[in-house]
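Colleague: I would like to go through this model and ask what stands behind each description. Please show it to me before we start.

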Amino acid sequence: MSNAIIVINAGSSSIKFSLFADETRQLELFLKGQIEGLRTDNAHFIARHPAGDVVGERRWTGTEAGAFDHDAATRFLMGFINTHLEGHKVEAVGHRIVHGGGDFTAPAALDAAVLDRLATFVPLAPLHQRHNLAPARSILASTPGLFQVGCFDTAFHATQPPLAQAFALPAEITDRGVRRYGFHGLSYEYIASHLGELGLDGAKVIVAHLGNGASLCAMDGGRSVASTMGFTAVEGLPMGTRCGTLDPGVLLYLMDEMHMGPRDLEKLLYQRSGLLGVSGISSDMRTLETSPEPRAKLAVDLFTYRIGREIGSLAAALGGLDALVFTAGIGEHSAGVREAVCHHAAWLGVELDGAANARPEDARPEDGATRISAPSSRVAAWIVPTDEEQMIARHTRRLLTGAT
Ligand SMILES: Nc1ncnc2c1ncn2[C@@H]1O[C@H](COP(=O)(O)OP(=O)(O)O)[C@@H](O)[C@H]1O
Ligand SMILES: CC(=O)OP(=O)(O)O
Ligand SMILES: [Mg+2]
């Protein structure tokens with residue numbers, strides 16, 4: 001019987017899972033799925049083989065769906081997984097955990113004490129952390145003997161120099177861990193592991209992870225030296241529903257003049273801003289790109305303008321630029337966003353190959369990595385599909401091998 005690793009990526013209203021067969025040197029995905037709409041009146045589960053055929057599907061509506069929280073969803077998923085192992089034996093579960101604080105700069109085995117420590121970072125990632133931890137707690141309660149590993153979005157950025165991590169605040173505040181951490185590290189680490197194949201070993205690269213959450217990472221020789229995200233995953237670029245960088249004076253104004261409290265501000269900054277807030281229409285890039293509304297265009301223009309400005313800032317941190325890499329939902333799929341960002345970065349030497357950028361996705365190479373800059377471009381531009389789940393599976397296997 002061959003072994004399998006379960007990877008869980010839990011968000012605020014969804015839990016995604018992937019099953020990897022661990023039988024050869026390659027970790028091979030054989031099943032993936034998700035439950036979306038947790039704690040709404042319409043929760044939906046679907047699981048598929050990598051080829052796309054549906055292996056399981058279920059919907060919960062009304063009060064049944066409303067009571068369907070992360071714990072109940074994890075129990076359902078583990079039940080489903082255990083009856084769809086296709087002859088494999090589960091040896092470990094790897095989790096994406098957004099914040100590891102200053103303590104967790106590498107993947108770690110999860111037990112009750114570690115989960116309690118990670119729970120102290122909930123205020124540092126209010127959209128993510130509590131939901132990331134819920135499935136691990138649920139599995140610890142139901143299957144205490146199962147090896148679980150936490151993989152942290154912050155860990156990849158631990159290599160940043162102290163200056164890149166610092167806020168200009170008094171020592172009694174920074175000593176409490178109030179500093180810049182950076183996020184999307186599993187995605188960046190995956191991309192970094194493929195830079196050699198693109199001829200970018202040792203290069204100065206800016207990776208644009210543009211999904212619901214969005215950030216940029218400056219990498220020198222595959223190591224993070226700066227990022228647009230900071231203490232929390234709300235800093236930097238505008239995102240689906242998050243505002244990104246904001247003059248802190250705005251917060252004081254909103255508290256004093258609009259009598260907003262901490263929870264009102266949290267809701268505003270994390271859930272009512274970004275593409276959704278500016279457009280008043282949607283947080284979804286596909287909807288905005290096809291909308292005739294001027295406010296939809298304004299939201300997309302602000303998104304790409306801010307990316308352009310932050311690219312300038314990270315190029316300065318790197319002291320030069322060899323390549324720009326696009327990844328995640330928007331980065332991989334929106335030719336319009338890539339074109340606008342490359343236009344803003346033209347002064348740095350990015351020259352887009354319009355035809356390569358607009359080429360249909362099914363014409364891309366099997367691994368999806370596609371060069372979209374002109375042969376004469378001084379700075380190369382690439383699309384590289386990310387795979388956070390594969391990265392989590394790799395880390396989980398490494399810790400498992402060390403633990404047994
Ligand atoms: N074909 C597409 N064109 C433009 N945007 C797309 C396309 N497909 C997905 N997206 C956008 O990608 C974003 C979601 O990215 P994703 O990386 O899946 O997010 P997350 O994993 O953080 O939830 C959404 O804004 C969505 O509209
Ligand atoms: C850290 C973060 O912003 O994650 P996501 O993009 O999944 O929301
Ligand atoms: Mg994401």
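Modeller: What follows is a set of questions and answers on a predicted model, taking the sheets, the helix pairs and the ligand surroundings in turn.

Colleague: Why are S5 and S7 said to stand at the edges of their sheet?

Modeller: The sheet is open, has eight strands with mixed pairing, and its order is S5-S4-S3-S2-S1-S6-S8-S7. Strand S5 (54–61) and strand S7 (108–109) each have a single partner strand, so one side of each lacks a neighbour in the sheet.

Colleague: How do you know that S6 and S8 pair?

Modeller: Pairing needs at least two bridges. Strand S6 (residues 89–97) and strand S8 (residues 147–152) are joined by six bridges and run parallel, so they count as a pair. Gly 94 stands opposite Val 149 in S8, and Val 93 stands opposite Gln 148 in S8.

Colleague: What makes S1 and S6 a pair?

Modeller: The cut-off is at least two bridges, and six bridges join S1 to S6, so the two strands pair. They run parallel. The bridge partner of Ile 8 is His 95 in S6.

Colleague: Which strands does H2 lie across?

Modeller: Helix H2 (residues 70–82) lies across strand S1 (3–10), strand S2 (14–21), strand S3 (28–36), strand S4 (42–48) and S5. H2 runs at about 25 degrees to S2.

Colleague: What makes S9 and S10 a pair, and in which sense do they run?

Modeller: Seven bridges link strand S9 (residues 204–210) with strand S10 (residues 214–220) in the antiparallel sense. At least two bridges are required, so S9 and S10 pair. Leu 216 in S10 is the bridge partner of Ala 208.

Colleague: Why are H3 and H4 called roughly antiparallel?

Modeller: Helix H3 (residues 112–119) and helix H4 (residues 129–142) pack at an angle of about 160 degrees, their axes 11 Å apart. Angles over 145 degrees count as roughly antiparallel, and H3 and H4 are therefore described that way. The crossing of H3 past H4 is left-handed. Ala 112, Leu 115, Leu 118 and Ala 119 in H3 meet Leu 133, Ala 136, Arg 137 and Leu 140 in H4. By class, this contact has seven nonpolar, no polar and one charged residues.

Colleague: Why are H2 and H4 called oblique?

Modeller: Their axes cross at roughly 55 degrees and come within 9 Å. Roughly parallel needs an angle under 35 degrees and roughly perpendicular begins at 65, so H2 and H4 are oblique to each other. H2 passes H4 in a right-handed crossing. His 70, Asp 71, Thr 74, Arg 75 and Met 78 of H2 make the contact with residues of H4 including His 131, Ala 134 and Pro 135. The contact of H2 with H4 divides into four nonpolar, five polar and two charged residues.

Colleague: What makes H12 and H14 oblique as well?

Modeller: The axes of H12 and helix H14 (residues 335–344) cross at roughly 40 degrees and come within 9 Å. The limit for roughly parallel is under 35 degrees, so H12 and H14 are oblique. Their crossing is right-handed. Thr 304, Tyr 305, Ile 307 and Gly 308 in H12 meet Val 337, Ala 340, Val 341 and His 344 in H14. This contact has five nonpolar, three polar and no charged residues.

Colleague: Which helix supplies the largest share of the shell around ligand 1?

Modeller: H13 does, with four residues. Helix H11 (285–290) and helix H13 (328–333) each supply at least two. Of the 13 residues around ligand 1, Gly 211, Asn 212, Met 285, Gly 329 and His 333 come nearest. The shell divides into three nonpolar, seven polar and three charged residues.

Colleague: Which residues are around ligand 2?

Modeller: They are Val 98, Asp 153, Phe 183, His 184, Gly 211, Asn 212, Gly 213 and Ala 233. By class, three are nonpolar, four polar and one charged.

Note on methods
Residues are numbered from 1 along each chain as its sequence is written. Chains are lettered from A and ligands numbered from 1 in the order in which they are written. This is a predicted model: local features need pLDDT of at least 70, side-chain atom pairs count only at pLDDT 80 or more; totals for chains, interfaces and linings use all residues. A residue is near a molecule or strand if its C-beta atom, placed from the backbone, lies within 6 Å of it. Ala, Val, Leu, Ile, Met, Phe, Trp, Tyr, Cys and Pro count as nonpolar, Asp, Glu, Lys and Arg as charged, and the others, Gly among them, as polar. Axes are lines fitted to C-alpha atoms, for helices over the stretch in contact, and angles run from 0 to 180 degrees between N-to-C directions. Angles under 35 degrees count as roughly parallel, over 145 as roughly antiparallel, 65 to 115 as roughly perpendicular and the rest as oblique. A crossing is left-handed if the near helix is turned anticlockwise from the far one by less than a right angle, and right-handed if clockwise. Two residues are in contact if their C-beta atoms, placed from the backbone, lie within 7 Å.
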